[in-house]
Amino acid sequence: MAAVTKSEEGDINKYFQPIAATNNAPGDETMTANNGNGSNESTNENDATPNPDDLVDNDNDWVGVQNDEVDDEYQPLDIDDPGNWDVIDQALRDKLVQKGPIRVSKYEFPRDKVSKRRFSNYYYDRTLVNGEKCDRSWLIYSMTKNKVYCFFCKLFSNRRSDKQLACEGFQDRGNLSTKLKEHEICDQHYKCMLKWTELEMRLRKVQTIDKGMQELIKKEKAHWRKVLERIVILVKTLSRRSLAFRGDNETISQPNNEFFLGFIEWAAEFDEVMKMHLHGIQNDEIHYHYLSKKIQNEFILRLANETKSMILKKIREAKYFSVILDCTPDVSHEEQMTLVIRCVDTYSTPVKVEEFFLGFLKVDDSTGQGLFRVLQDKLSDLQLDIGNVRGQGYDNGANMKGLHKGLQKRMLQVNPRSFYTPCGCHSLNLTISDMVKCSPCGGTFFGALQSIYVMFSASPKRWKVFKDKVKGS
């Protein structure tokens, strides 16, 4: 069952984006659960990508891996691409038959290396002698291999006859028409088509040999879908309120396991789905519990990417926008620059101006040229046109507002319409500082005010005296 397990990994993507199911590379990790008798047992988990459909028992040993990182750059495998069907077992065959052949049409097909010709939608139709066209529903194209396959023979052939269309794929565009005509009238193709028709009908009527097993799998899929829905909602709730997911203890039914596991335990008191889920974990009945820190990080990452995509969609819809930047060192003594985009939100009712935070940018060169290079690269990565910038707002630092080498000057050289506005709060602070410096009385006043505050705030007793004597404090 290894092939269906690999093919179904990544089905959690359906909860976030309406795209074809993909799969991520699995990673093992360990999570400890209380067995209900006061002792802790290690429950190993291989759950790098949540998979409610993967319900196949695995007798292999589980290996615990700590502190695995989620790779947001990993490109998952496409199960709809026949070039990825290396090993086909019965479970994978049933899944593909239920989905049917997925045809690639709106795609710029590359040229093959032999004849330098392209595949086209023309080959999907067969022209009869009388001029009538018949659809070759069995013909499918692989974008990863740039080859064509027979859907029926790929799933049901014995791999010894007509290897090119059934196993390896066919790429020679110069002889493709002849090859297709020969293949669609061969006996092996007819046999595979009959097998596909029979299996598709039995699956549709739920009359397969393993009908009882199929019913159990459907119930399990429905259960896991409900579990994942509750976990996703909890992740969204904690993320929206900036609450800590994990604490000193990452064990179920143990103190100090913070909000994520704590709310899971709380939900199990009222919700039957989560109650069954925790019961299975504590009794070592399931390995895929999707409560580990790696799954939490992956959910957070996917929600963050989806949120950023929605923000970028609003910005592109508005077209014109302003950028707001500010630099500050973090606790690791590295310069971080915040990027905020200000634009008109046309999706809201009524239409209003909104500001969207898009992240922190690591800065190695804090000069005007260095900051401009970081901003330019980031806008390019976000696919935002720097020519659509209509405003820029920074503080009054020389590297920001410099008339000759500052960031605002570099931006104006590229886009003369990006009007610069200095930060109002920073300008007010500088104005007050200059006023105090110009007046000795002003300096004495603010100095005495600061000394009074320091004296009373340093002692709770003095602070109480201050509150008793000064009304309204």
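Analyst: Start with burial: a residue is buried under 20% relative accessible area, exposed over 50% and partly exposed in between, using a 1.4 Å probe and protein chains only. The model is predicted, so local features need pLDDT of at least 70 and side-chain atom pairs count only at pLDDT 80 or more, while totals for chains, interfaces and linings use all residues. Residues are numbered from 1 along each chain as its sequence is written, and side-chain values use heavy atoms, with hydrogens and water left out.

First, the setting. The chain has 473 residues, and 38% of them are buried. It holds 16 helices and 13 strands. These are DSSP runs, numbered from the N terminus: helices are H or I with at least four residues, strands are E with at least two. Contact means heavy atoms within 4.5 Å. Of the contacts between residues at least 6 apart in sequence, 59% join residues at least 24 apart.

Now the charges. A salt bridge puts a side-chain nitrogen of Lys or Arg within 4 Å of a carboxyl oxygen of Asp or Glu. The whole structure contains ten of them.

Take Asp135 and Arg103. Their closest N and O atoms are 2.9 Å apart. Asp135 belongs to strand β6 (residues 133–135), while Arg103 sits in the loop between α2 (90–99) and β5 (125–127); the pair links distant parts of the chain, 32 residues apart. Both partners are partly exposed: Asp135 has a relative accessible area of 47%, and Arg103 comes in at 33%.

Next comes Glu184 with Arg136. Here the closest N and O atoms are 3.0 Å apart. Glu184 is in the loop between α5 (176–183) and α6 (187–204), and Arg136 is in the loop between β6 and β7 (139–142), so this bridge ties together parts 48 residues apart in sequence. This pair is covered. Glu184 counts as buried because its relative accessibility is 7%. Arg136 is buried too, at 6%.

The closest N and O atoms are 2.8 Å apart. Arg230 lies in helix α7 (residues 211–240) and Asp271 in the loop between α8 (258–268) and α9 (272–282), so parts 41 residues apart in sequence are tied together. Asp271 is partly exposed at 21%. Arg230 is partly exposed as well, at 29%.

Asp81 is in the loop between β4 (77–78) and α2. It is buried yet has no salt bridge. For charge, Lys and Arg count as positive and Asp and Glu as negative; His and the chain ends are not counted. What Asp81 does have is backbone nearby: its side chain reaches the backbone nitrogen of Met143 at 3.2 Å. That is a polar contact, a pair of N or O atoms within 3.5 Å; within protein, one must be able to donate a hydrogen and the other to accept it, and residues adjacent in sequence count only if both atoms are side-chain atoms. Leaving aside residues up to four places away in sequence, Asp81 touches Ser142, Met143 and Thr144.

Some backbone details follow. Most residues other than glycine have a negative phi, and most peptide bonds are trans. Asn146 has a positive phi, near 55°. Asn146 is in the loop between β7 and β8 (147–150), and is buried at 9%. Tyr290 also has a positive phi, near 60°. Its place is the loop between α9 and α10 (293–318), and it is buried at 1%. A cis peptide bond, with omega about 0°, joins Thr349 and Pro350. Pro350 is in the loop between β10 (335–345) and β11 (352–363).

Last, the surface. Accessible areas come from the Shrake-Rupley method with a 1.4 Å probe; for residues, only the protein chains shown count as cover. The chain's accessible surface comes to about 27900 Å², with 53% belonging to carbon and sulfur atoms.
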